[in-house]
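Here is a short tour to read alongside the sequence and the 3D view.

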Amino acid sequence: MSAAGTTVRPVPPATRRIVGVGLAIASGVAVAVQSRINGELGVRLADGIAAAVVSFGLGLLVLLVLVPATPAGRRGLAALRRALAAGELRPVQCLGGVCGAFLVATQGLTIGALGVAVFTVSVVAGQSASSLAVDRAGVGPAGRQPVTGQRLAGAGLTVVAVLLAVGDRFGDPAALALAVLPLLAGVAIAWQQAVNGRVRVATGSALTATLVNFTAGTLALLVTFAVDLAVRGRPAGGLPTEPWLYLGGPIGIVFIAVAAAIVRFTGVLLLGLATIAGQVVGAVLVDVVLPTAASHPGPATLLGAALTLAAVVVAAVGPPVRRPETG
């Protein structure tokens, strides 16, 4: 009941799923923009690992100020300590940021050579299959999700769509070899989204879950960068002066927070497919508006982007996500 004595109707599960899919598509577009930013930063620094450290590190600095400054963030930090102490949340479930760090590192390492579209198809191929496995295992907060025919069709159609979108680039053996890195990053993303969702449920705060993600990722990148410095020395390039090249971290905050907040309504697979749709559409737009030598989208790319959106619809019209049983 509300203060006025009227009944407040809960938001239907189907509506929450539709809103969640819309938010995931929008965040996927943001990821495509982030990919171009971090890829360009990697080119300017001549070091993809250094670019990832800058991107993740800036995101962490923003969160270290923002989370303690908000009541919800402070409550989330207290809930995180309680959940870890009580064993409701395992330490390994706080390491999703390591997978995010790997993704951001691959952006800086490969996009300069692959272009955003080819990078995206590699991530998609890994993410689609991995999302099915993660949902089936019940890693995410929505619990075990059945591998239905519709879900398989949605995942398969997504892979076909992105292959169509960038298939002309796969005649280059060097691009195929380099595409293995984002492929592996895509496999890791599904697990990241699932465990970040667990942290969000345990803490009651998407911002706190995002802070946990960025902390783990930044620490992993700093260790990797230390090894990189010891082996190769300092990056050849200097820090660029354009402010837009430092927006990758803040964009990542939005993406991780949205994913952690909605995965319990959508499940990992549907969240992944909706994000993929946004990534493909965003990748096409980025490559059209800001083309590079590695990007040349044509009609097949546009058709593939449209087919990817259709794949999300196929997966979304299935039965609603089953919430885990309690009690």
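## Helices H8 and H9

Let's begin with a pair of helices in this predicted model. Helix H8 covers residues 180-203 and helix H9 covers residues 206-232; their axes come within 8 Å and cross at roughly 130°. That angle makes H8 oblique to H9, because an angle over 145 degrees would be needed to count as roughly antiparallel, and 65 to 115 degrees to count as roughly perpendicular. The crossing of H8 and H9 is right-handed.

Which residues make the contact between the two? From H8 come Gln 192, Asn 196, Val 199, Arg 200 and Thr 203, and from H9 come Ala 206, Thr 208, Ala 209, Val 212 and Asn 213. Sorted by class, the contact of H8 with H9 has four nonpolar, five polar and one charged residues.

## The chain as a whole

Stepping back, the chain holds eleven helices and zero strands.

Of the 327 residues of the chain, 51% count as buried. Among contacts between residues at least 6 apart in sequence, 86% join residues at least 24 apart.

## How confident is the prediction?

The mean pLDDT of the chain is 80, and 81% of its residues reach 70 or more. Over residues 1-9 the pLDDT is below 50, and this stretch has three contacts in the model beyond near neighbours in sequence.

Residues 323-327 also have pLDDT under 50; for them the model has six contacts beyond four places in sequence. Where pLDDT is low, the predicted coordinates should not be read in detail.

## Helices H2 and H4

Now turn to helix H2 (residues 48-69) and helix H4 (residues 96-114), which pack at an angle of about 130° with their axes 8 Å apart. This makes H2 oblique to H4. The crossing of H2 and H4 is right-handed.

On the H2 side, the contact is made by Gly 48, Ile 49, Ala 52, Ser 55 and Phe 56. On the H4 side, Gly 97, Gly 100, Ala 101, Val 104, Ala 105, Gly 108 and Leu 109 take part. By class, the residues of the contact of H2 with H4 divide into seven nonpolar, five polar and no charged.

Asn 38 is found in helix H1, which spans residues 13-45. Is Asn 38 buried or exposed? Asn 38 is buried, with a relative accessible area of 1%. Not counting residues up to four places away in sequence, Asn 38 touches Ala 51, Ser 55, Val 104, Gln 107, Gly 108 and Gly 248. Among them, Ser 55, Val 104 and Gly 108 also take part in the contact of H2 with H4.

Gln 107 has its place in helix H4. At 0% relative accessibility, Gln 107 counts as buried. Leaving aside neighbours within four places in sequence, Gln 107 is in contact with Val 31, Gln 34, Ser 35, Asn 38, Gly 39 and Phe 119.

Leu 114 and Ala 179 are 65 residues apart in sequence, and their C-alpha atoms are 7.6 Å apart in space.

Leu 307 lies in helix H11 (residues 299-316). With 27% relative accessibility, Leu 307 counts as partly exposed. What does Leu 307 contact, leaving aside its neighbours within four places in sequence? The residues are Leu 157, Val 160 and Ala 161. Leu 307 and Leu 157 are 150 residues apart along the chain, while their C-alpha atoms are separated by 7.6 Å.

## A loop residue to look at

Finally, visit Ala 46, found in the loop between H1 and H2. Ala 46 has a positive phi of about 60°, although it is not a glycine. At 43% relative accessibility, Ala 46 counts as partly exposed.

Note on methods:
Residues numbered from 1 in each chain as written. Predicted model: local features only at pLDDT ≥ 70, side-chain atom pairs only at ≥ 80, totals over all residues. Heavy atoms only, no water. Axes fitted to C-alpha atoms, helices over the stretch in contact; angles between N-to-C directions. Helix = DSSP H or I, 4+ residues; strand = E, 2+ residues; numbered from the N terminus. Parallel < 35°, antiparallel > 145°, perpendicular 65-115°, else oblique. Left-handed = near helix turned anticlockwise from the far one by under 90°. Contact = heavy atoms within 4.5 Å. Nonpolar A, V, L, I, M, F, W, Y, C, P; charged D, E, K, R; others polar. pLDDT = per-residue confidence, 0-100. Buried < 20%, exposed > 50% of the residue type's maximum accessible area, 1.4 Å probe, protein only.
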